[in-house]
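Let's take a walk through a protein together. Have a look at the picture first, and then we will go through it step by step.

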Amino acid sequence: MNRKQRRAGRKKGGDTPASDAESRYRQLLQSGEPLALHAFGVRAHQAGRNDIAAQAIARAIALDAGVPEFHYNLGIVLKALNRLDEAALSYRHALALKPDYAQAYNNLGNVLRAQGARAAARDCFMQALTARPDFAEAHYSLANLLLEEAPDVAADHLRACLAIEPADGQGAGLLLARLGQAPTPDRASPAHLERTYAARSQSWGDEKGYRGHELVARALRQAAGNSRTDILDAGCGTGLAGSLLRDLAGRLDGIDLSGAMLEKAQAKAVYDDLHQGDLVSFLVENPARYDAIAAAAVLIHFGDLAPLFRAASAALRSGGLFVFTVFPHDGEADFSVAPDIELAKGGCFSHSPGYVSRLARASGFAVESLDHEAHEFDRSGAPVTGLIVTLRRIE
């Protein structure tokens, strides 16, 4: 297994990353070097400091407006700040300097789609594919636009995306399954999840509508009582659940697929160890190591839960707790691609509560609770129901 381990000592004091970034930005402003300012802005964006990123790249453009990549990256930052009109203008500046800039056409199309200009967005995606026919992301963007109005055409572009990128970093396989034009996969592709959470790492924790970590931490605390336990935060992300579980843990480890997420978790300094890699493999390789496994918004990315349940049972000591969330459905299928289109694009499945209970018992668990509660809220503010599950490993 290709897994990295990160030491996560709990440090205090020193300058914050934000103050370091601002100090470095002031130094670069005085230097007047556009390439250095642009590079700093890109790094600031990757660290989630989009305010400073926008200032730095805009300053680089003021010093040298003839570099298309400067305008393109400013567009990315402005879109992240939800300044869509300005983002579109930046992409147009990039295209004026580099008319065959496929990535700029694709990103401009996504901004226009977000603004409701669907015809103009489609034109941009087609321009991107004219400039670069093997551009998987543009095939996905066009499919995403056409999912409802022209599903067969969307499916053709999703298949093209998969042919170009078999690792499926876009998540095309799940959408094909949702359209009924491919079998339902057993899980979201690791490439898709790494891509998704690398992007989300910049703002994860600022999304006020998400509650999965709170629900799991509360359920685990209720089931564990006041005992100090060795806990694995599975799919720990940026450390939201870990921060809520630290006082309950004698030892707190975290594992996640996303290196970008783990960097944020490490900065919180609440974990004893952090690991990067595949969750199922990690559990199999660590038998009887933990008293509890917490997994907020993790099993949502698995369709077939059997390998994960078996691995979790093996990694827990007798009487150990497995607490997690999934998205429930009332259909006959054990699991399916999430019916909500935004959840499906995010690599999510939904599961039958009956399937979860049946599989838990077959994997050596007793079901202590299955509770329905708002897991998060969508963009319109409507609640998205989650199933909060507490299992206990039996002899």
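Predicted model: local features only at pLDDT ≥ 70, side-chain atom pairs only at ≥ 80, totals over all residues.

We can begin with empty space. Rolling a probe the size of a water molecule over the atoms shows where empty space is left. A search of the whole structure turns up 1 cavity of 30 Å³ or more, and the largest cavity holds about 380 Å³ of space. Its lining is made of 28 residues, and those closest to the centre are Gly235, Cys236, Asp256, Ala297 and Val298.

Helix 11 gives the largest share, with 3 residues. If you sort the lining by class, you find 15 nonpolar, 8 polar and 5 charged residues.

Next, let's turn to the charged pairs. The count of salt bridges comes to 20. One of them joins Asp272 and Arg246, with N and O 3.1 Å apart. Asp272 sits in the loop between helix 14 (259-268) and strand 4 (273-276), while Arg246 sits in the loop between helix 13 and strand 3, so this pair ties together parts that are 26 residues apart in sequence. Asp272 is partly exposed because its relative accessible area is 22%, whereas Arg246, at 13%, counts as buried; the cut-off for buried is under 20%.

Now move on to Asp273, which pairs with Arg251 in a salt bridge whose closest N and O atoms are 2.6 Å apart. This pair, too, links distant parts of the chain: Asp273 belongs to strand 4 and Arg251 to strand 3, 22 residues apart. Asp273 has a relative accessible area of 3%, so it is buried, while Arg251 is partly exposed at 28%. Through shared partners, salt bridges join Arg251, Asp253, Asp273 and Arg289 into one network.

Another salt bridge connects Arg132 and Asp134, and here the closest N and O atoms are 3.7 Å apart. Arg132 is partly exposed, with 32% relative accessibility, and Asp134 is partly exposed as well, at 48%.

Our last stop is Ser357, in helix 18 (residues 353-362). Is Ser357 buried or exposed? With a relative accessible area of 10%, Ser357 is buried. Leaving aside residues up to four places away in sequence, Ser357 touches Val367 and Leu370.

Note on methods. Residues numbered from 1 in each chain as written. Heavy atoms only, no water. 1 Å grid on protein atoms, 1.4 Å probe; cavity = no way out; pocket = protein on both sides within 12 Å on 5 of 7 lines; lining within 4 Å. Points joined across faces, edges and corners; volume = space filled by probe spheres on them. Helix = DSSP H or I, 4+ residues; strand = E, 2+ residues; numbered from the N terminus. Nonpolar A, V, L, I, M, F, W, Y, C, P; charged D, E, K, R; others polar. Buried < 20%, exposed > 50% of the residue type's maximum accessible area, 1.4 Å probe, protein only. Contact = heavy atoms within 4.5 Å. Salt bridge = Lys/Arg side-chain N within 4 Å of Asp/Glu carboxyl O.
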